[in-house]
Amino acid sequence: MNRTSLLSVLLALSLLTGCAAHPDGSAEHAVTIFAMDTVMTITAYGSGSEAAVQEAASQVRALEGLLSVTSETSEIYAANHSGGAPVTVSDETALALASALSLCESTGGALDVTIYPVVRAWGFTTGNYRVPEADELSALLARVDHRAISLDGNTLTVPAGMQLDLGAAAKGWTGDQLIALLREAGIASAKLELGGNVQLLGSKPDGSPWRIAVRDPFGEGYVGVLEAADEAVVTSGGYERYFEADGETYWHILDPSTGRPARSGLASVTIVAESGALADGLSTALFVMGGAQAAEYWRSNGGFDFILVSEDGSVSITEGLEERFTLSGDWAEAELNIVRT
Ligand code: AMP
Ligand code: MG
């Protein structure tokens with residue numbers, strides 16, 4: 001969905017905050033906002049949930065204010081426009097960046113937070129889509145290398161000409177902060193829907209697991225349903241943002257080794273993990289890697305599960321999801337591979 005259609009969806013929502021009483025007596029409060037370039041809905045249950053969802057929404061705004069790559073008042077913007085001079089950033093920006101940088105490292109640069117000059121050349125942040133020439137891409141790629149970023153405590157240095165973008169990981173990191181905030185407010189059951197990211201605090205109010213649908217990357221509907229609680233379920237896919245030119249589809253997840261949309265044979269990657277920051281960073285990185293390398297990464301690192309939907313229509317899940325993921329509808333007969341250690 002592009003920005004315009006997202007906005008029209010938002011405008012069509014007559015109620016941006018809502019509440020309801022459940023048969024078991026628990027109150028439900030929800031707030032929907034447009035932030036971090038996507039529609040977000042925060043739903044919490046039980047006493048205190050009304051104030052808690054409002055506080056969570058304010059927290060999203062505050063973190064967006066620090067981490068946005070396009071807002072001229074953000075800390076990331078300041079670092080990107082300092083001409084290579086060190087800047088002092090808040091603890092939040094430092095922690096969000098440190099978490100993303102460690103995933104850049106562990107994924108061997110499949111995730112690279114310095115890819116922004118290339119993302120911008122394709123028009124993915126502005127909507128002015130174009131296919132850059134090979135020369136232009138190689139010149140821009142010379143400015144892409146997460147290892148050149150220096151973060152020492154709260155001192156951040158982005159070398160001149162380079163630009164940071166936390167777009168692939170910021171929503172997950174933000175989700176983790178919101179879950180902590182809601183938990184501290186005494187909330188035991190909540191669901192965050194932050195674009196393609198779902199983050200869950202506890203189970204549903206009745207104690208049963210949430211049922212999270214994994215979207216069909218090729219059309220409407222969904223591939224299957226995952227039972228989940230107390231964790232993040234984050235999906236990256238080419239369908240989320242793309243344009244077509246000369247009969248080719250170009251999507252927003254780029255391979256930092258080529259500067260071009262990652263064509264690894266995957267149509268979507270869903271990561272299930274306790275940490276939203278990890279799940280978000282890895283959903284993007286494993287999409288770039290492709291199925292074989294993704295399985296290798298999982299075997300070497302662990303700490304998460306995945307659902308990979310391939311362009312050939314097969315689905316691969318790690319063994320930890322075997323008992324709680326079910327293919328559904330048109331996908332019920334799809335080839336399902338279980339990836340084991
Ligand atoms: P996500 O939706 O989490 O997969 O993140 C995709 C967004 O991250 C894109 O819209 C780009 O802004 C940015 N991006 C694209 N490719 C990469 C990459 N390989 N590493 C880091 N960020 C990327
Ligand atoms: Mg991501």
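A: Along strand E3, Thr38, Met40, Ile42 and Ala44 point one way, while Val39, Thr41, Thr43 and Tyr45 point the other way, and all are buried. Buried here means under 20% relative accessible area, exposed means over 50%, and partly exposed lies in between, with a 1.4 Å probe and protein chains only. Strands (E, at least two residues) and helices (H or I, at least four) are DSSP runs numbered from the N terminus. This is a predicted model, in which local features need pLDDT of at least 70 and side-chain atom pairs count only at pLDDT 80 or more, whereas totals for chains, interfaces and linings use all residues. Residues are numbered from 1 along each chain as its sequence is written, chains are lettered from A and ligands numbered from 1 in the order in which they are written, and side-chain values use heavy atoms, with hydrogens and water left out.

Because 8 of the 8 residues of E3 are buried, the strand is largely enclosed by the rest of the structure. Two strands count as paired if DSSP finds at least two bridges between them. Strand E2 (residues 27-35) runs antiparallel to E3 and is joined to E3 by 8 bridges; Ala35 stands opposite Thr38. E2 and E3 form a hairpin with 2 residues between them, and Met36 in the turn has a positive phi of about 50°. E3 also pairs in the antiparallel sense with strand E7 (residues 189-194), over 6 bridges, and there Glu193 is the bridge partner of Thr41.

The structure holds 11 aromatic pairs. Rings of Phe, Tyr and Trp (its six-membered ring) pair if their centres lie within 6.5 Å; planes under 30 degrees apart count as stacked, over 60 as edge-to-face and the rest as tilted.

Elsewhere, Trp298 and Phe306 form an edge-to-face pair, at 6.3 Å centre to centre and 65° between the planes. Both Trp298 and Phe306 are buried as well. Trp122, Phe124, Tyr129, Phe243 and Tyr250 form one aromatic cluster.
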